[in-house]
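Dear colleague,

My notes on what was found in it follow directly after.

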Amino acid sequence: MAFGVKREELQAWKAAVSQGEIAFLTHFWLDDRFPDIRTVTKVGCSDIDRLFNWCLSHGLNPQYIHYSPSYPHFDLFGPLQKKILQFEKQWDQIEKYKL
């Protein structure tokens, strides 16, 4: 279950993803499969090759890309989430979700 995202944030992320940009959207998240995880960051990009290469550049397995037709994305959570958000200078998301 996802929550804590404003409509404007989601719309901006969708627009950036649709334009082939690498876009980040962090939100609160609850999933019984990951009981200690409280947030997830969706790294989206409609340019699949660009998203694939982005994953490789961060040592992530592109096999886990979610190939949704409109908004392909890779989910970041756990220790890698903060590390990659720091590398990508996504300070606002780190601060907002107290990562």
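The side chain of threonine 39 makes a polar contact of 3.0 Å with the side chain of glutamine 81; a polar contact is a pair of N or O atoms within 3.5 Å, where within protein one must be able to donate a hydrogen and the other to accept it, and residues adjacent in sequence count only if both atoms are side-chain atoms. This is a predicted model, in which local features need pLDDT of at least 70 and side-chain atom pairs count only at pLDDT 80 or more, while totals for chains, interfaces and linings use all residues. Residues are numbered from 1 along each chain as its sequence is written, and side-chain values use heavy atoms, with hydrogens and water left out.

Threonine 39 belongs to strand S3 (helices, H or I of at least four residues, and strands, E of at least two, are DSSP runs numbered from the N terminus). Threonine 39 counts as buried because its relative accessible area is 7% (buried means under 20%, exposed over 50%, partly exposed in between, with a 1.4 Å probe and protein chains only). Its contacts, not counting residues up to four places away in sequence, include Thr26, Phe28, Leu76, Gln81 and Tyr97 (contact means heavy atoms within 4.5 Å).

The strands around this residue may be described next. Five of the six residues of S3 are buried, so S3 is largely enclosed by the rest of the structure. Strand S2 (residues 23-29) is mostly covered as well, with six of its seven residues buried. S2 and S3 (residues 39-44) pair in the antiparallel sense over six bridges (two strands pair if DSSP finds at least two bridges between them). Within this pairing, alanine 23 has glycine 44 as its bridge partner, and threonine 26 stands opposite threonine 41. S3 also runs antiparallel to S4, to which four bridges join it; there, threonine 41 stands opposite leucine 76.

Aspartate 75 lies in strand S4 (residues 73-76). Its side chain makes polar contacts with the side chains of lysine 42, at 2.8 Å, and histidine 66, at 3.0 Å.

Lysine 82 is part of helix H3 (residues 79-87). Lysine 82 counts as partly exposed because its relative accessibility is 34%. A polar atom of the lysine 82 side chain lies 3.3 Å from the backbone oxygen of leucine 99. Lysine 82 also touches Ile94.

Finally, the structure holds six aromatic pairs (rings of Phe, Tyr and Trp, the last by its six-membered ring, pair if their centres lie within 6.5 Å; planes under 30 degrees apart count as stacked, over 60 as edge-to-face and the rest as tilted). One of them is the tilted pair of tryptophan 13 and tyrosine 71, with 6.0 Å centre to centre and 40 degrees between the planes. This pair links distant parts of the chain, 58 residues apart: tryptophan 13 is in helix H1 (residues 7-18), and tyrosine 71 is in the loop between helix H2 (48-57) and S4. Tryptophan 13 is buried, with a relative accessible area of 7%, whereas tyrosine 71 is partly exposed at 26%. Phenylalanine 28 and tyrosine 97 form an edge-to-face pair, at 4.8 Å centre to centre and 70 degrees between the planes. Ring pairs also link Trp29, Phe34 and Phe77 into a cluster.

Yours sincerely
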